[in-house]
Every structure is written in C-alpha cells, then in structure tokens.
Amino acid sequence: VLDLMPRPASWSDELHLFLSCNMVRVSALNDALNTLTNAERRGKRQALIRPCSKVTVKFLTVMQKHGYIGEFEIVDDHRSGKIVVNLLGRLNKTGCISPRFDVSLEGIEQWTTNLLPSRQFGFIVLTTSLGIMDHEEARRKGTGGKVCELMLKFWTNILFRSSDFSTRLYTFHKTINSLFTQKK
C-alpha cells in the first residue's frame, strides 16, 4: 500500500523501507496454540495449523496424550507444512509462555501454583534435556527445564457441543443429576 502512495519528500529511504515491510512471525508455537483455542471456542471439529514445526508436533503429542485433542495429521505441501488437528471440545485455554523461563525441579511446584487454577486442572509443558513433557512427568523423571505452554481443561466441558442451548442445558442438568445419584 505504501509503495503505491507517493511518499513525502521528508521521508528517508530507511523510514519508507521500514514502514513498507511485512510483519514477521514471532512464535509459530504461540500462533498454533491460539489457532487451537480459537477453533475450540468457535465449536469447530478441526483446526488447521500453519506452519508445521518439530516443536509444534511434540506439543500436540503431549496434548493428545492427556486427551485435550484427538488425532492430528501432518500435511506436506512442499512449503512449511500444515497440521490438521481433530478437536474434542475439551480444551478451554492454551497459551505459550514467553519468554521461556528456566525452572528447576524444586521450582516446578511454585510454577504450577502460580499458573494453574487448581491441582486437578491443567498442565504446564516444559522443554527439558530429556524432551518436551508435562510438569508431572518432569517431576517423576527428576528434571527441570524451560516453561513453554499452559493447558487448561475444566469440568464444565461435560457440556457437549450443540448449537441448541436448551439441549446443552438439558444435558448439563442430566449429567449433574447422575453425578449426585451415584454418590448416594
């Protein structure tokens, strides 16, 4: 757009070049996680993630292991690649923590208390020298690393995806009643 406009004589060549540059991708992992969160909020069954990277694939395998997402397929388009992810409706929020802070084995507990709403909900994903893993696995293996991602899932996701609110409300009411009748 700026190349089509006549530039004022007061602009230097460097300023014109700076203003006409395209934006760069800062974090491909952050973009992928935002795509997943937005697709879940919209009620989509699948999400398309671009570009594909080894780190993104490792994060998706950790999310798949914990049941946040379904199967995913890597599509080679002879460029940067794409990933098609099947969504299950169990992901409430996921995000990339930037910068990637160093976490010792003793500091994992403090990070989980600061970032997660409760002990039952969510995982923190770490990059370690033993690979990418969640905070519980890192604690079991006795290693620290760098904090990269946060995944949250709440119990309210027992509401199934439906465009009809009354069906969702009925399903929620039925599920709550079944939970209380099982306790008696």
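## Packing of H2 and H3

In this predicted model, helix H2 crosses helix H3 in a right-handed sense.

On the H2 side, the contact is formed by Leu-29, Ala-32, Leu-33 and Leu-36, which meet Val-55, Thr-56, Phe-59, Leu-60 and Met-63 of H3. By class, the residues of this contact are eight nonpolar, one polar and no charged.

## Second largest pocket

The second largest pocket holds about 160 Å³ of space. Its lining consists of Glu-109, Thr-112, Thr-113, Leu-116, Ser-118, Arg-119, His-135, Glu-136 and Arg-139. Helix H4 (108–115) and helix H5 (135–141) are the elements that each supply two or more of these residues. The lining of this pocket divides into four charged, four polar and one nonpolar residues.

## Backbone features in loops

Most peptide bonds are trans, and most residues other than glycine have a negative phi. Two cis peptide bonds and one positive phi are described here.

Arg-50 and Pro-51 are joined by a cis peptide bond with omega about -10°; Pro-51 sits in the loop between strand S1 (46–49) and H3. Another cis bond links Ser-98 to Pro-99, with omega about 0°, and Pro-99 is in the loop between strand S4 (93–96) and strand S5 (102–103). His-78 has a positive phi, near 60°, and belongs to the loop between strand S2 (69–75) and strand S3 (82–87).

Notes
Residues numbered from 1 in each chain as written. Predicted model: local features only at pLDDT ≥ 70, side-chain atom pairs only at ≥ 80, totals over all residues. Heavy atoms only, no water. Left-handed = near helix turned anticlockwise from the far one by under 90°. Helix = DSSP H or I, 4+ residues; strand = E, 2+ residues; numbered from the N terminus. Contact = heavy atoms within 4.5 Å. Nonpolar A, V, L, I, M, F, W, Y, C, P; charged D, E, K, R; others polar. 1 Å grid on protein atoms, 1.4 Å probe; cavity = no way out; pocket = protein on both sides within 12 Å on 5 of 7 lines; lining within 4 Å. Points joined across faces, edges and corners; volume = space filled by probe spheres on them.
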